[in-house]
Amino acid sequence: MRRLCILSSALLLAGCQAMPADSARHPYGHQETGGGQAHSQLYPKAAAYSSLKVHSKAADGGRYYSKVPHSSDNRRNPQHAEAAQPNLWLALADQMQLDVPLDHPRVVAQRNWYLKHPAYLRSVSERARPFLYLIKEEIEKRNMPMELVLLPVVESTFDPKAYSRGHAAGLWQMLQGTGRNFGLHYDSWYDGRYDIMASTRAALDYLEYLHDFFDGDWSHALAAYNSGEGRVQKAIKANRRQGKPTDYWSLSLPKETQNYLPKLLALADILKHPGHYGMDVPEIPNRPQLAVVEVEGQVDLNMAADLAGVNRGQLRALNPAFKRTATSPARNAEILVPVRHAQSFELAMADLPEQDRKSFQRYQVRGGDNLGLIARRHGTSVDAIRQANNLRGTTIRVGQMLMVPNAARPAPATAEDGVYLVQAGDSLSAIASRFSVTISDLLRWNRLSDQHSLRAGQKLIVSVNSG
């Protein structure tokens, strides 16, 4: 029996590696502007946030990483503003503390863009709605600037499935190498860059490392998140040699990086002063929308959705890291589910026997195989195999591992007038799945004290319209 636990709401980020100056890494951004004057350090130097340690620094910025103790060991307990401010965006704005050079041309240009395109913030807010509270909690745990919650807006417009021509992926537009350095996992079943929780933790780890690398300067750290610490360090050294200021606003950086921080700061300024700018900030409830259920071993996502009473497409959309209709067999999984379904999901998974948690078998393609032959051999269909493996066509290769859906089982026992007679070997989770209801529904309708109070011959109400 797998160990499962509902974790407190928490969410995603994964940092970006250095990108070429001409990289189209942000196809989601808006207009860019150049120019600007020098300004004071963006954020006062604070205690070092370091998840990775630099063992050596080469002239070209190359370095080796290793895990070191996390800064969150000394976290503060944040003062939540749920009761005072029901709109999560405005509650977050109350916690933002970075200095904003309001009159800097680059900030002005980005602020004007946001104000002229109010639909942009509305569309971003709809995508951010499920995840924003989770990210906020992760930032609070580390006592990091709350402005960082806006990075997915700048990086991906809060699209968890975003993928750029520069091969950056997910909410935080992380490159595979950067993600691997900061603990993300990849295999043929799973890509951690699309995992909301895992990528959020990785991105914050990367940002903590950059904050430490640049001696507590958040403006340099954020610029490096966009274009790489090597490039920012090189620009700082060049200005120092020429006797020029070394603050972010004075550095010679790629145009994308010059506008990266202004985009974030301009949005923060608008959220902090919406009345002044006449901006109608979209409403996002200031409470968790999702919970995290941790499961050990491989789980069929369609079966999990059915047991929890969640739409299959919705569950897949909330968990885009899974490439197929099942979690990876190589590692445990964190599955995001709507808060209202979390308890049902946990109960269903805990009650489900090990052998029933997968509705497929793994098959390695052999010479002479084709999808039609494999489908006939296993009593399934070509379309079912394609859907289970996200195949666009019918081409397969020798050695490829496929998920093959199990053959259809005999029709299960049915209910008469919404009442089902419990059979030997039945479980509440299996009955819930069979009649497309939740375990919570069965417990409530039948006034059962717990999921194990079930016996053969017992009559169960399985439809709200029964009786």
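Colleague: Which conventions apply here?

Modeller: The model is predicted, so local features need pLDDT of at least 70 and side-chain atom pairs count only at pLDDT 80 or more, whereas totals for chains, interfaces and linings use all residues. Residues are numbered from 1 along each chain as its sequence is written, and side-chain values use heavy atoms, with hydrogens and water left out.

Colleague: How many salt bridges does the structure hold?

Modeller: A salt bridge is a side-chain nitrogen of Lys or Arg within 4 Å of a carboxyl oxygen of Asp or Glu, and the structure holds 9 of them. One of these joins E126 to R129 at 3.3 Å, N to O, and R142, D205 and E208 are linked in a network of salt bridges.

Colleague: Where do E140 and K136 lie, and are they buried or exposed?

Modeller: Helices are DSSP runs of H or I with at least four residues, and strands are runs of E with at least two, numbered from the N terminus. Both E140 and K136 lie in helix α4 (residues 132-142), 4 residues apart, about one turn of the helix, and their closest N and O atoms are 3.7 Å apart. Buried means under 20% relative accessible area, exposed over 50% and partly exposed in between, with a 1.4 Å probe and protein chains only; E140 and K136 are both buried.

Colleague: Which parts does the pair of R201 and E334 tie together?

Modeller: Their side chains meet in a salt bridge at 3.0 Å, N to O. R201 lies in helix α7 (residues 196-213) and E334 in strand β5 (residues 333-338), so the pair ties together parts that are 133 residues apart in sequence. R201 counts as partly exposed, at 28% relative accessibility.
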